[in-house]
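Please look over the sequence and the model before reading on.

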Amino acid sequence: MPCTARRLPPRKIYERGDLRNEFERPAVVDRTGQARVIAGLNMNALTATKVLAPTDGGKFSDPDRTLSGQTRAQVALNRLDTLWINTGSLCNITCVNCYIESSPSNDRLAYLSAEEVRAFLLEAKSAGTREIGFTGGEPFLNAQLGTMLEDALGMGFQVLVLTNAMQPMLRPNVKKQLLALNARYRDLLSMRVSLDHYTEELHEAERGKRTWAKTLEGLDWLVANNFRVAIAGRTCWGETEAKARAGYKALYESRGWPFDADDAEITVLFPEMDGSHDVPEITVACWSILGKSPDSMMCASSRMIVKRKGAELPSVVPCTLLPYEPAFEMGSTLADAARADSGMFDHGAIKLCHPHCAKFCVLGGGSCS
Ligand code: SF4
């Protein structure tokens, strides 16, 4: 049973002043008919089944003005707290819903080299960045990931690796590298493993047949070797959070894993996201009307590095949610990105001119870590 959801008919939830007819909080109905309001998202689990791209002449067309002529909202980078490295979009599996459409054949984002990443790490170090996050695709498919991890850990960054913990991580040479890194840098290195559900049936409904046992094997290995591990699950099957956490707890106990199912940072549960529906645009007035701060947006504290297939150089993009959008490329260095000043950018600030900005961030509370 794939983890699917359909959206509720339009509703006017934000019934305040001018927003009465303009904002609809994203909400979905799961298979049991239970309505859920989308409250957050994460790279391990974010799903945008059909992404609405900016439309010519319609909403999200003019970087500076919304369709109704109001000034579009922007988000400036406060501090580069987390730098995400997309190691490449290839993955060893194909999930039913993957926000980045990773698969064994999707190489739209090429493998970054360790040398390319090193240049960004040096820039990030100067900027006081705290954390480097590695994502994909499956990061362990990139043959140079071990070198990248060594570089990042050696520079003193906190390092987070998002992985399915399957065969790419379990190859003997990779395990050897990881053991050496964990011996030296255990306090800095964390692995976040995607385990979509605590049952084999629903995990495999999302991630494909024969994915459960291999991921459990990977988790067993990580636990046996004293890695710092978090679990990324989904809450898209109509269960209460309490039931989901109880299910994970029982699984952890049966496997002898020392994870805390009630700690939201160790067992991170993310809602399914659906990017296929119409959303309002975000104006500067929305911050005060919605009681939100631009500083709480992911792009106020992070950037992501990608390298498009065939591109000569990597590119900086504002966040993990816009990996394929050429209009949101900010330059080939972090310094370039800080100066980006045309199109979607204003002196390094991001103009929120994409449906994801509205649906997943301003209205949905998206975060990546
Ligand atoms: S989707 Fe838009 S608002 Fe959200 S983090 Fe990315 S650039 Fe910022």
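In strand β14, residue I350 is the bridge partner of F345. Strands here are DSSP runs (E, at least two residues) and helices are DSSP runs (H or I, at least four residues), both numbered from the N terminus. β14 covers residues 349-351 and runs antiparallel to β13, to which two bridges join it. Two strands count as paired if DSSP finds at least two bridges between them.

The model is predicted: local features need pLDDT of at least 70 and side-chain atom pairs count only at pLDDT 80 or more, whereas totals for chains, interfaces and linings use all residues. Residues are numbered from 1 along each chain as its sequence is written. The predictor's confidence in each residue, pLDDT, runs from 0 to 100; its mean over the chain is 85, and 82% of the residues reach 70 or more. Over residues 1-53, however, pLDDT stays under 50. Where pLDDT is low, the predicted coordinates should not be read in detail.

The chain has 369 residues, of which 48% count as buried. A residue is buried if 20 or more other C-beta atoms lie within 10 Å of its own, exposed if 12 or fewer, and partly exposed in between, with C-beta atoms placed from the backbone. The chain contains ten helices and 14 strands.

Helix α1 (residues 114-127) has 14 residues and should span 20 Å at 1.5 Å a residue, which agrees with the 20 Å between its end C-alpha atoms. The expected span is 1.5 Å times one less than the number of residues. The buried residues of α1 are V117, F120, L121 and A124. They cover an arc of only 110° around the axis, so they lie on the same side of α1; the arc is that of the directions from the helix axis to the C-beta atoms. The face turned away from this buried side carries the exposed residues E115 and S126. After α1 comes G128, with a positive phi near 80°.

| Element packed against by α1 | Residues |
|---|---|
| β5 | 82-86 |
| β6 | 131-135 |
| α2 | 145-154 |
| β11 | 302-306 |
| α9 | 334-339 |

Key. Contact = placed C-beta atoms within 7 Å.
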